[in-house]
Amino acid sequence: MTAKILSAAPVVAQIKKGLITRCEALKKQGVVPSMCVVLVGNSPASMSYIRNKKRMCEEVGAHFTLLHLPEDIETSEFLREIEKLNKDPAIHGIIIQLPVSKQLKDLPLPNLISPVKDIDGFHGINTQNLYSGSTDLSLLLPCTPKGIVNLLRFYQIDPKGKTIVVVGRSLIVGKPLSMLLSNLDATVIQAHSQTHDLPSLTKQADIVISAIGRANFFDQSYFDPKRKSVVIDVGINSLNGKLTGDMDQENIKEVVSAMTPVPGGVGPMTVISLIENLICATEKQSKDSK
Ligand SMILES: NC(=O)c1ccc[n+]([C@@H]2O[C@H](COP(=O)([O-])OP(=O)(O)OC[C@H]3O[C@@H](n4cnc5c(N)ncnc54)[C@H](OP(=O)(O)O)[C@@H]3O)[C@@H](O)[C@H]2O)c1
């Protein structure tokens, strides 16, 4: 039997409906949830990511602004701009779009943003929630892990008691995701480029999640057909001009039970989680200001 496709579309539609209602409730109180993306320079890839964020913001009724700064902006000026946003009561969520130009890249970027406006969820205070064992998805958690857990919930795949191999240990995906899944009572194996005999680990897994950024890396040799694992593909790679995940989907579809598509899987879940964080942040700021 061929794998079930865990598409993000129905999950995003369901979450979006709830966010529209919450956004309307905030507007009735005179608060318009507002996100500001800070872009330094003119990277075409960044522009495309920003367009997605803007579109999704507008679809739920939130306000979007772009603060476009010159590539050669001085550090002191950049810091002043971020501080202005931190203090602006009309802005509830701030994102510094990566990459930034080279004079800024050694700044502690996630910690420059006020933790209550940190809708990417990368500020030390927000990641601390994961270290503390929280499973509260209304907190400002990193968006890709939050999106993956929401997707698993929608498809009634409970991480509790499952053996999950997370391949990749970046600060934005692998590490926070492993922690969140462990908080949700999964047994998590965190693999990376120095892991020996990765197939022997993935073959034991109920769920395999890849965030390595290698097109079609995982083929049948990584799966035990008897286990019928669930596969979550975070990878976004360009192969011959086509968007491709880390999983060779054609090759593995007969040996796994379910898999997320690329595109149309984890990507849209990440964007909707960002908007969810914006609404959560606005609700919290609005409550605290009363
Ligand atoms: N869908 C989304 O919303 C979304 C969001 C974020 C990222 N992504 C995509 O997800 C992928 C990963 O992103 P990232 O930012 O986490 O990447 P990253 O910072 O480059 O980290 C990649 C991780 O993969 C590990 N790795 C690389 N090659 C490996 C191999 N052959 N075997 C096992 N592990 C290997 C690395 O191990 P070491 O630590 O040992 O180097 C590292 O931990 C990229 O394709 C990115 O575009 C997608």
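Student: Which residue is the bridge partner of Leu39 in β3?
Tutor: His68 is the partner of Leu39. The model is predicted, so to speak of local features takes pLDDT of at least 70, side-chain atom pairs count only at pLDDT 80 or more, and totals for chains, interfaces and linings use all residues. Residues are numbered from 1 along each chain as its sequence is written, and side-chain values use heavy atoms, with hydrogens and water left out.

Student: In what sense do β2 and β3 pair, and over how many bridges?
Tutor: Parallel, over 7 bridges, between β2 (residues 34-40) and β3 (residues 63-69). Two strands pair if DSSP finds at least two bridges between them. Strands are DSSP runs of E with at least two residues, and helices are runs of H or I with at least four, numbered from the N terminus.

Student: Which helix makes a unit with β2 and β3?
Tutor: Helix α2, residues 44-60. The β-α-β unit is right-handed: with the strands pointing away from the viewer, the path from the first strand over the helix to the second runs clockwise.

Student: What's the strand order in the open sheet of 6 strands?
Tutor: β1-β11-β8-β7-β5-β6, with parallel pairing. The edge strands, β1 (4-5) and β6 (187-191), each pair on one side only. Inside that order, β5 (residues 163-167) pairs with β7 (residues 207-210) over 4 bridges. Val166 stands opposite Ile209 there.

Student: Switching to the ligand. Which residues come nearest?
Tutor: Arg169, Ser170, Ser193, Ile236 and Thr270, out of 21 residues around the ligand. A residue counts as near if one of its heavy atoms lies within 4 Å.

Student: What polar atoms of Ser170, and how far from a ligand oxygen?
Tutor: A polar side-chain atom of Ser170 is 2.5 Å from an oxygen atom of the ligand. For Ser193, a side-chain N or O atom is 2.6 Å from a ligand oxygen. Val234 uses a polar backbone atom, 3.3 Å from a ligand nitrogen. A polar contact is a pair of N or O atoms within 3.5 Å; within protein, one must be able to donate a hydrogen and the other to accept it, and residues adjacent in sequence count only if both atoms are side-chain atoms.

Student: Which residues lie nearest the centre of the second largest pocket?
Tutor: Ser138, Leu139, Leu140, Cys280 and Lys284, among 13 lining residues. The pocket holds about 270 Å³ of space. A pocket here is an open set of points on a 1 Å grid over the protein atoms alone, where a 1.4 Å probe fits, with protein on both sides within 12 Å along at least five of seven lines; lining residues have an atom within 4 Å of a point.

Student: Which helix gives the largest share of that lining?
Tutor: α10, with 4 residues. Both α5 (124-131) and α10 (266-288) supply at least two.

Note on methods. Grid points are joined across faces, edges and corners, and a volume is the space filled by probe spheres set on the points.
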